[in-house]
Structures are given as C-alpha cells and as structure tokens.
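Biologist: I'm new to reading structures, and I'd like to learn how to look at salt bridges and helices. Could you walk me through it?

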Amino acid sequence: MEDLVANLGYVAVFIGTFLEGETILALAGVAAAHGYMSYWAIVGVAIVGAFLGDQACFFIGRRYGHRILKRFPTLAAKAPRVQDILRRWDAAAVIVLRFAYGLRIAGPIVIGTCGISPWRLAFFNFIGTLIWAPLIAGIGYVAGYALHEWLGKLKHAQMGLLVAIVLAALIAWYIFHRRKRGAPAPKQ
C-alpha cells in the first residue's frame, strides 16, 4: 500500500485537482503527515493540476458555455448573478471561487461566458491556486498528524479500552436480563 501511494499518489493528486480537488488534496496531506508523500511536492502538483483544470473549463465555457447553460437550467438560473458579480469584482471572484466547494468545474465554465480576458483569468486563477493548494493540503496534513498522534496514544490505552468495553457490555447484559425477568407477562 505504501508503494502504491508513493508511486501513484502524485498522479492521483494531479487528476483529482484537475477535476475537483479538495478531498484528494486533503487526503494527500494526510499521506504527507504519515511520510508517504512530500508535502511540498503535493502542493506543487496541486497548483499545476488545479490551474490547468480551471483554465480548461474556462475555455470550454468560452466556446460552449451558452450551450452548456441551456442544457443545465439550474446552472443557467444562477449564471446571471454570477456573471454580474464577475463583471464587478472579477479578480476577487476568481480567487474566492477557488474555495467554493462543488463549483470548481461549473464556476470557470460560467466565467468563460462573461467575456473576461483569458490572461486576466489566468493571473488571478494562479493566485487563487497559490493560496488554495497549501491551505487544503495543510489542513489534511494537520488532521493526519493529529490522527497519528491520537492513534499512537490509543495504542497505549487499548487494553484499558478493551476492559471498559467488556465491562460496559456485561453491565448492559445484566441490566437487560434483570428487567426482562422482572417485567410482567403480556396480557392476552
């Protein structure tokens, strides 16, 4: 398993961040906390994957965005509001959109319908990925490290935990059977 994570982990991070990203990047951060992958290599791969994924979706939206919006009416209903926000605050909207869970594919497609310059989008998209990738991988890293520490302490307490579980089960069994014997018979 360790070899699989070490060999294919970076490919999974690239594909995952190209498509959506948060979950796979956080899990890669957990793997880095356990020493299976390099944190900074994960961040670098995530920056490239997320940037290229957003740029590809932007160009799809630029070329086919209106057809896509016609095909998905719920997305089309939200598009005018998003387009209005993008026309007013395009730089901030592009950066913040990076952190909107579930909008990583739809967001750049809608941005592509707004007429924003591809170079301007690329610049602010890159800034967004420079903030997003280390933050999400860092959350996974910290969570993985905390989990590792907690499980390490749990190993020392395993025997005590096992005894407590057995005692709780015995007490529950005793109470259940005592109540069962003392309960009146059902009337017919």
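Modeller: Let's begin with burial: a residue is buried under 20% relative accessible area, exposed over 50% and partly exposed in between, using a 1.4 Å probe and protein chains only. Here, Arg120 is partly exposed, with a relative accessible area of 38%. This is a predicted model, in which local features need pLDDT of at least 70 and side-chain atom pairs count only at pLDDT 80 or more, while totals for chains, interfaces and linings use all residues. Residues are numbered from 1 along each chain as its sequence is written, and side-chain values use heavy atoms, leaving out hydrogens and water.

Biologist: Thanks! How many salt bridges does the structure hold?

Modeller: The general idea is that side chains of opposite charge can pair when their charged atoms come close. We call it a salt bridge when a side-chain nitrogen of Lys or Arg is within 4 Å of a carboxyl oxygen of Asp or Glu. The structure holds three.

Biologist: Which residue forms a salt bridge with Arg120?

Modeller: The partner is Asp90, with the closest N and O atoms 2.5 Å apart. Arg120 lies in helix α7 (residues 118-156) and Asp90 in helix α5, so the pair ties together parts 30 residues apart in sequence. Asp90 is buried, at 15% relative accessible area. As for helices, they are DSSP runs of H or I with at least four residues, numbered from the N terminus.

Biologist: And where do Arg98 and Asp54 lie?

Modeller: Those two form a salt bridge as well, with their closest N and O atoms 2.2 Å apart. Arg98 is in the loop between α5 and α6, and Asp54 is in helix α3, 44 residues apart, so this pair links distant parts of the chain. Arg98 is buried at 2% relative accessible area, and Asp54 is buried at 7%.

Biologist: What about a pair within one helix?

Modeller: An α-helix has 3.6 residues a turn, so residues three or four places apart point the same way. Arg88 and Asp84 both lie in helix α4, four residues apart, and their side chains meet in a salt bridge at 2.7 Å, N to O. Arg88 is exposed at 52% relative accessibility, whereas Asp84 is partly exposed at 36%.

Biologist: Where does α4 bend?

Modeller: A bend is the angle between axes fitted to the seven residues ending at a residue and the seven starting there. For α4 this is about 35° at Ala79, and a proline, Pro80, follows within four residues. Ala79 is buried, as are Gln83 and Leu86 in this helix.

Conventions:
Helices (H or I, at least four residues) and strands (E, at least two) are DSSP runs, numbered from the N terminus.
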